[in-house]
Amino acid sequence: MKSVQDDDHLEVRGTVDFVTSCELEMEGEKTERSKLKDSPQDSGVIQTNQYSSISPPASPVADEEPFSTYFEDKVPIPEDVSQVFSFRKLWAFTGPGFLMSIAYLDPGNIESDLQSGAKAGFKLLWVLLVATIIGLLLQRLAARLGVVTGMHLAEVCNRQYPTVPRIILWLMVELAIIGSDMQEVIGCAIALNLLSVGRIPLWAGVLITITDTFVFLFLDKYGLRKLEAFFAFLITIMAISFGYEYVLVKPDQGELLKGMFVPYCEGCGPVQLEQAVGIVGAVIMPHNIYLHSALVKSREVDRKNKKEVKEANKYFFIESTIALFISFLINVFVVAVFAQSFFNKTNMDVNAECNATGSPHTDLFPLNNDTLEVDIYKGGVVLGCFFGPAALYIWAIGILAAGQSSTMTGTYSGQFVMEGFLNLRWSRFARVLLTRSIAITPTLLVAIFQDVQHLTGMNDFLNVLQSLQLPFALIPILTFTSMTSIMNDFANGLVWKISGGIVILLVCAINMYFVVVYVTALHSVWLYVLAALLCVAYLCFVCYLAWDCLVALGVSCLDCGSRIQMGPSRHTDIYLLNDMDTDTSVER
């Protein structure tokens, strides 16, 4: 018996020695591969900025078959260590921020702008400014997550949340993308209807938009920079179109500056308050947080080099600031045009002007003294009545550029969200087809059964839908960027944790007010009951995400011990490879 035990012991020991020798050999190979990186550079400067980086887990599938993505060719960053700031580097990092900023210029935002000008004049410009600044701070968190971890928000959610919350979160974000996509595609269809003088019906415009979106989405096959240049071209068209309207109308500059920098709304009532809330809901869009965290992965950044990561965060923030400043100016153009020309105008005033100019759209404005109600379609019509046909057609071109560009970025958002949450590894065409079909089907149904002249109610509903989805982007991004196990040295500090939490709480509260106002205006008992039931389920899930977030922010009294299985630390040990090579990790 003792002899058998000794043999077993020797066999086990031999196996352990073999495994240990294999591990030592693999470590030796890794040391040889990294020797150049860890050695002093020729310049005599010793690299002291190596740190424990975060790497996504490698998938054996990735080695078996090519996986076509937006990031096939990454943009290289020029080396220029002698300068604190380099315009060459800023140019290399320029692109993702401008694609992100298109969501601030989609038809939903344009409609919110023109309604703000028509209902409140210049008085709510400061709300637009504050909402844009808040949006910039939230986009900063999204960009940092993508740069530091090498994964976008949907991928991190997939690895951090349990199955059921993850699926619910994916469905909520998909709803937000569908709602945004409906506004964008229908905005394009309305623009085509205006440009064709009604010859292209709404459903045909939707089909045209779907088709050309498929074509434009494959522009990145010819180079990522060419695709980004195309988006820049569309933004330029918007700036020229709405800028032309601005110059044509000649707004009062004093009133404009007063409305932008004086946070006060003299003589405002419930209508203006609802419009202010609507501005915040239109500007801060949930799917844009997911989009931006993915777009920043398109640059070559060595995430094991702390200096490079810090530099990338700096340049991405500068680029995002410039991009959102341009988008803010374009939004101001729209608000100012309608504030100057149509604030306090009545339907009778507009009807008389349209009659005088021979417009075929006078039936849009009934003969009463009610305040003018405008949307994207009516906005183009009234511009044509007051300032001539050129103003109408140039307005329609701007709306077409806004709708087309935002439809394309919305499609990218859908792809990133679906790939990240579901870990899809389909062909490029299959992924585009699936994400487009999910978003476009309800849009096409609306276009078939709804008249182009009566879409304002649908737009309000879509704004409410997206407002409801905001916590499902804002809470996760604050949660993960506050965790040192994910962000290492780049985790949010105490100031960012507190201010970020306050901002997110404020934005969510504002949007919930907007939802309550919308629901109470429906005047239906059955809808109230349905809304109450959905509200309970909705608040339960938001509370779950908020609980995870508070624990990540350091409120340890809420950590009841089950967080290893349930909360955000569940998969941390899977993909925090602590500077280990991905292939070595997979082999083990």
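Tyr 544 has a relative accessibility of 16% and counts as buried (buried means under 20% relative accessible area, exposed over 50%, partly exposed in between, with a 1.4 Å probe and protein chains only). Phe 541, with a relative accessible area of 11%, is buried as well. The model is a predicted one, in which local features need pLDDT of at least 70, side-chain atom pairs count only at pLDDT 80 or more, and totals for chains, interfaces and linings use all residues. Residues are numbered from 1 along each chain as its sequence is written, and side-chain values use heavy atoms, with hydrogens and water left out.

The structure holds 17 aromatic pairs. Rings of Phe, Tyr and Trp (its six-membered ring) pair if their centres lie within 6.5 Å; planes under 30 degrees apart count as stacked, over 60 as edge-to-face and the rest as tilted. One of the pairs is that of Phe 338 and Phe 342, which is tilted, with 5.3 Å from centre to centre and 45 degrees between the planes. Both residues lie in helix α14 (residues 306-342), four residues apart, about one turn of the helix, and both are buried. The rings of Phe 541 and Tyr 544 have centres 6.4 Å apart and planes at 15 degrees, so this pair is stacked. Ring pairs also link Phe 85, Phe 87, Phe 93, Tyr 315 and Phe 316 into a cluster. Arg 225 lies over the face of Trp 91, 5.4 Å from the ring centre (a charge sits over a ring if NZ of Lys or CZ of Arg is within 6 Å of the ring centre and within 35 degrees of the ring normal).

Two disulfides are counted, a disulfide being a pair of cysteine sulfur atoms within 2.5 Å. Cys 265 is joined to Cys 268, with an S to S distance of 1.5 Å. The torsion about this S-S bond is about -55 degrees, so the disulfide is left-handed. Cys 268 is partly exposed, at 29% relative accessible area.

In the disulfide of Cys 354 and Cys 385, the sulfur atoms are 2.1 Å apart. This link is right-handed, with 105 degrees about the S-S bond. Cys 354 lies in helix α15 (residues 347-356) and Cys 385 in helix α16 (residues 376-387), so the pair ties together parts that are 31 residues apart in sequence. Both cysteines are buried. The sulfur of Cys 540 is 6.6 Å from the closest cysteine sulfur, in Cys 543, too far for a bond.

Technical notes:
Helices (H or I, at least four residues) and strands (E, at least two) are DSSP runs, numbered from the N terminus.
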